[in-house]
Amino acid sequence: MLINELDALNEAVRRFAGISGDHTGITLRTGALYDPHRGKYLLDYLGERYEISPDGSVQKEASREAVPYNDQVLILQYLCSASGLPPRGHWLSFLELPHGELHHAPFQHDALIPLARAFGHRLEAFSLAARILGGEKLSLGDCAAKFLAFPKLPLAVIIWSGDEEFPPRASILFDAVAPTHLSTAALWVLGVELARKIIALAQG
């Protein structure tokens, strides 16, 4: 578990419950929708829609399955801290994020190495999984896709298949607006969750 579920989730719930009445502010900043009839926010996260109640409870739309802790925390953190700025169309590597060097080694271990291992020799499998997750094809590396993690926060995943000299490798890039929406620690978790979801889809 990447996030300390007791501390981080409780803090995210507390913060969101304190601002949840600001319907206009939250929807403008985050790109979420507010349904006054149900009294809930609707937010798209990595290809699926989630319902968020004023008390901070998070549920996948039209589903009763439990939402993983990391996803709950990321959704609430985004609703609380998103700046409202649109994507800038310029990519940053994880190391280029504020203090990215502090999380770079675990980011490689938890996200980039698993992606390279899973798809370095299975580019078609990556393309299929990316499409299922709502990814848009990009002309980068040997295979790449852009994912709208949140309405105003795109990420890109790039796979290089490697050859006899170089092993497969992968990269996750963040739109330059990302640090205005989430902390670097949260972006680390977001990248890892994206990698995990793509790999899980490919494994069926």
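Hi everyone, let's start with the rings: this structure has nine aromatic pairs, counting rings whose centres lie within 6.5 Å. Before I go further, please keep in mind that this is a predicted model.

Let me show you one of those pairs, F107 and F174. Their ring centres are 6.1 Å apart and their planes meet at 45 degrees, so we call the pair tilted. Where do these two rings sit? F107 belongs to helix α4 and F174 to strand β9, residues 169-175, so the pair ties together parts that are 67 residues apart in sequence. Are they buried or exposed? F107 is buried, with a relative accessible area of 0%. F174 is buried too, and its relative accessible area is also 0%.

Now compare the pair F119 and F126. Here the ring centres are 5.4 Å apart and the planes are at 70 degrees, so this pair counts as edge-to-face. F119 and F126 are both buried. There is also a cluster for you to find on the screen: ring pairs link Y45, Y50, Y78 and F150.

F126 takes us to helix α5, which covers residues 123-132. Which of its residues are buried? They are A125, F126, S127, A129 and A130. And what lies over them? The cover includes helix α4, residues 104-119, the strands β7 (143-150) and β8 (153-160), and helix α7. After α5 comes G134, which has a positive phi, near 85 degrees.

Next, the strands. I'll begin with β1, residues 33-35, and β2, residues 40-45. They run antiparallel and are joined by three bridges. If you look for L33, you will find that its bridge partner in β2 is L42. The two strands make a hairpin with four residues between them, and G39 in that turn has a positive phi of about 65 degrees.

Strand β2 has another neighbour to meet. Five bridges join β2 to β3, residues 48-52, and this pairing is antiparallel. Across from L43 you will see Y50 in β3. This hairpin has two residues between its strands, and L46 takes a positive phi near 50 degrees.

For K146, the bridge partner in β8 is A156. Strand β8 also pairs with β9, again antiparallel, through six bridges. In that pairing, V157 stands opposite I172 of β9. How much of β8 is covered? Seven of its eight residues are buried, so to speak under the rest of the protein's atoms, and the strand is mostly covered.Let's move to the inside. In soluble globular proteins, nonpolar side chains tend to be buried together. The largest nonpolar core in this model has 61 residues, and those with the most contacts inside it are I52, F150, I172 and L190. Which element gives the most to this core? That is helix α7, with ten residues. There is a second, separate core of five residues, including L138, A144, I158 and L173.

Leaving aside residues up to four places away in sequence, I52 touches F16, K40, Y41, L43, S57, V58, I75, L76 and L79.

Several of those names come up again in helix α3, residues 69-81. The helix has 13 residues and reaches 18 Å from its first C-alpha to its last, close to the 18 Å expected at 1.5 Å a residue. It is mostly covered, with ten of the 13 residues buried. Among the buried ones are I75, L76 and L79, and also N70, D71 and L74.

You will find E193 in helix α7, residues 184-203. Is E193 buried or exposed? At 6% relative accessibility, under the 20% cut-off, E193 counts as buried. What does its side chain contact? It makes a polar contact with the side chain of N70, at 2.8 Å. Not counting residues up to four places away in sequence, E193 touches Y45, N70, D71 and L74.

Y45 brings us back to the ring cluster with Y50, Y78 and F150.

Definitions and conventions. Residues numbered from 1 in each chain as written. Predicted model: local features only at pLDDT ≥ 70, side-chain atom pairs only at ≥ 80, totals over all residues. Heavy atoms only, no water. Buried < 20%, exposed > 50% of the residue type's maximum accessible area, 1.4 Å probe, protein only. Polar contact = N/O pair within 3.5 Å; in protein donor to acceptor, adjacent residues only side chain to side chain. Contact = heavy atoms within 4.5 Å. Pairing = 2+ DSSP bridges. Core = buried A, V, L, I, M, F, W, Y, C linked by side-chain atoms within 4.5 Å. Expected span 1.5 Å × (residues − 1). Phe/Tyr/Trp six-rings, centres within 6.5 Å; stacked < 30°, edge-to-face > 60°.
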